[in-house]
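Visitor: I have a few questions about the labels used for this fold. Could you walk me through them?
Guide: Gladly, let us bring it up.

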Amino acid sequence: MAWPVASRRLVGEGAVFDLVRDQVVDPGGAELRREWIRHPGAVGVIVLDQDDRVVLVRQYRHPSGLRLVEPPAGLLDLDGEDHVVAAQRELAEEVGLAAADWRVLVDMFTSPGASQESVRIYLARGLSAVDRPEGFVAEGEEAEMDIVLATLDDVVTAVLEGRLQNPVLVAGAMAAAASRPRGWENLRPADAPWPARLLRAEFLARAPMDR
């Protein structure tokens, strides 16, 4: 379903995302004002080692005012970059690892009432150490990250107890725990279609952007 957009205006422009205001026409013909965040999208990786431990990072997130435990993740901010390649890059940059086995755990919108951000979360196994990509320099919050390990069961317990709240970790860990008893055989291949990404360009083209 796609409601018509009578007008679209760029309200604020940021380094990573923008604030947009639409006048949307509902099925009854009424116009509704809706603000939303234009976001490039992201990928995240639940990384499991041979001992069933999840490789995680601790990173400061300023809007929350907290240092959160998270999986390796990053923006899809390079035009045309393959989603799996982006996830592989983030894995190497943030924790210095490569993986031989990649599968899709879950696709999600992080906050569909306010943001366009869609995230694909992968499961990565068969790990090996690699150098950080050439030219990569950790800056800002990434420069202060550290790496932590926890069993998947401990991560799930911490999620259920409310101690871990990063949405990519919550969704990814719970999906991994649900899939593990089936030997991962119910997971999609790493290159499976991602409908939300296919529709993103169509949504952005629905109305011209006024400034």
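Visitor: Why is Asp52 called partly exposed?
Guide: This is a predicted model, and in it Asp52 has a relative accessible area of 24%. Buried means under 20% and exposed over 50%, so a value of 24% makes Asp52 partly exposed. Asp52 sits in the loop between β4 and β5, and its phi is near 65°, a positive value in a residue other than glycine.

Visitor: What makes Trp184 count as buried?
Guide: Its relative accessibility is 8%. The cut-off for buried is under 20%, so Trp184 counts as buried. You will find Trp184 in the loop between α3 and β11, with a positive phi near 70°. Most residues other than glycine have a negative phi.

Visitor: How do you know that Ser118 is buried?
Guide: Ser118 has a relative accessible area of 3%; the limit is under 20%, so Ser118 is buried. Ser118 belongs to strand β9, residues 118–129. Beyond its neighbours within four places in sequence, Ser118 is in contact with residues including Gly41, Met108 and Trp194.

Visitor: Which residues touch the most other members of the largest nonpolar core?
Guide: Ile46, Leu105 and Val155 do, in a core of 24 residues. Among the elements that each supply at least two residues of this core are β8, β9 and α2. A second, separate core has 20 residues, including Trp102 and Met145.

Notes
Residues numbered from 1 in each chain as written. Predicted model: local features only at pLDDT ≥ 70, side-chain atom pairs only at ≥ 80, totals over all residues. Heavy atoms only, no water. Helix = DSSP H or I, 4+ residues; strand = E, 2+ residues; numbered from the N terminus. Buried < 20%, exposed > 50% of the residue type's maximum accessible area, 1.4 Å probe, protein only. Contact = heavy atoms within 4.5 Å. Core = buried A, V, L, I, M, F, W, Y, C linked by side-chain atoms within 4.5 Å.
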